[in-house]
Amino acid sequence: MTPSLVFLLDDLIAEVLSFLPVKPLLRFKSVSKSWKILISDPTFVKLHLKRSAVQNPHFTLIMGHEKFIPGESFYGIDDESERDYNLVPYPISRLLDNPSFTLLLDDPYNSVTYYHVNNDICSRIIGSCNGLICLAETSLTHDGYQENWRREYWFRVWNPSIRTTTSEKFGYFYDFGPISGYGGDFNFKFGFDNSTDTYKVLAFRYNRLKGNRNIKILGSGDHVWRDIAFFPVVPLRLDYSDHIHSEHCMCDGVYVSGTFNWLAIHNDLPYRVKNITVEHFVIVSLDLGTETYNQYLLPLDEVPSAEPTVGVLGGCLCFSYAYKETDFVIWQMKKFGDEDSWSQFLRISYQNLLIDYDIFDTYFRLVPLLLSKDGDTLILKSSQEFEAIIYHWKDNRVQRTKITPSRTITYDRRITNWVAFVYVSVLFYNNLEMPEWNSSRHIGEVLGSSRLCVKSFGHI
């Protein structure tokens, strides 16, 4: 008896395929024309992204390598160094199973996915959203007029799941200003506008001394940057510049539910406990759809001794702070935008975390980074330590990661040492998508001047 053919409905095929990893899905595009259309369909891409977020979330390890080359001078004034970075996706589940491991990137038998960056290409991480990592680059040149320096900016997007970057740099613009002092460089954020299904890059800077303030936005498909209203309340440390390894930068607003969110203090006051009250604190939230701001109060009963931080845990906006110099407290906004939904998630003793908290250490930061799928394990980063902290809060158990980055080195007599560092960074999921950015020609405004620059991305 000849078996009869079984026909599956398209909806059922899409449902089954949505649970598969990216690699086999890309191969399955070759099965038939209908499967290729299905897997490339934006609706299916969204469904697959939603499923991958639940199944196998990843984070990014940033591995830095520095090569020191001594010069001829005994005092080292002509010493040189070369530094580059590798961005390595890594599953959270694997880290929790084995917090100590060696990661060798350039082993031909190693199938680790990574993205290599150096000073010649985009090397500054500005954010991660829906499985995509956005990178920026800044070029600084002197134009010959006293302290007038020209800063150029451009961007690329990397999709680790399909190992692809945008083919050309996009978002180019430049401005002029002094090389030193806070508020000179732009900071950037990268997020997704759910209302229009577009990705957006936000550029902002603030110079408290000179009163300069700029904020502009660029969406995928836009031809030009657009100015938008400045923050109604200036976020803390907005005049600090973030770099690839400064994951604790306080101006680093977080992306959640189609918004960027920063911690701010009314009246732009410096953080001095005796000068501020709990009423001064607010979270400033920029809606990427309407490009307008909201403000949310915090459930504080006293002013923390050190600056709180904002973050995202379990898909919820959160903020954390030191309580009476003995405990670390984390709150979650269970329903985004609803101040009444603030709920205290954890209160952890510094002693239990094996952290020696020093109130006089003004640079101390403890930042919650990631939450496990079951919500029982928290990953944190302390400014006192090189590695991350894994805290199993239900049984009050603490582990330290021990990740050893390694790279095959061809030794040279002038190379004295290699230093590698690693830290936990952005969370992302598998994504089949590579968004299209309008990168053929963009207008870059020269801030503070009437001049405009038009430049082709392909020739930067």
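1. In this predicted model, strand E16 (residues 281–287) and strand E17 run antiparallel and are joined by five bridges. Within this pair, the residue standing opposite Gln295 of E17 is Val284.

2. The pairing of E16 with E17 belongs to an open sheet of four strands, whose order is E14-E15-E16-E17 and whose pairing is antiparallel. At its edges lie strand E14 (254–256) and strand E17 (292–296), each of which pairs on one side only. From one strand to the next, the twist averages 35°.

3. A separate point concerns two helices. Helix H1 (residues 10–17) packs with helix H3 (residues 33–40) at an angle of about 60°, and their axes are 11 Å apart. Angles of 65 to 115 degrees would count as roughly perpendicular and those under 35 degrees as roughly parallel; H1 and H3 are therefore oblique to each other. The crossing in which H1 passes H3 is right-handed.

4. The contact of these helices can be stated by residue. On the H1 side, Ile13, Ala14 and Leu17 take part, and they meet Trp35, Leu38 and Ile39 of H3. By class, the residues of this contact comprise six nonpolar, no polar and no charged.

Terms used: Residues numbered from 1 in each chain as written. Predicted model: local features only at pLDDT ≥ 70, side-chain atom pairs only at ≥ 80, totals over all residues. Heavy atoms only, no water. Axes fitted to C-alpha atoms, helices over the stretch in contact; angles between N-to-C directions. Parallel < 35°, antiparallel > 145°, perpendicular 65-115°, else oblique. Left-handed = near helix turned anticlockwise from the far one by under 90°. Contact = heavy atoms within 4.5 Å. Nonpolar A, V, L, I, M, F, W, Y, C, P; charged D, E, K, R; others polar. Pairing = 2+ DSSP bridges.
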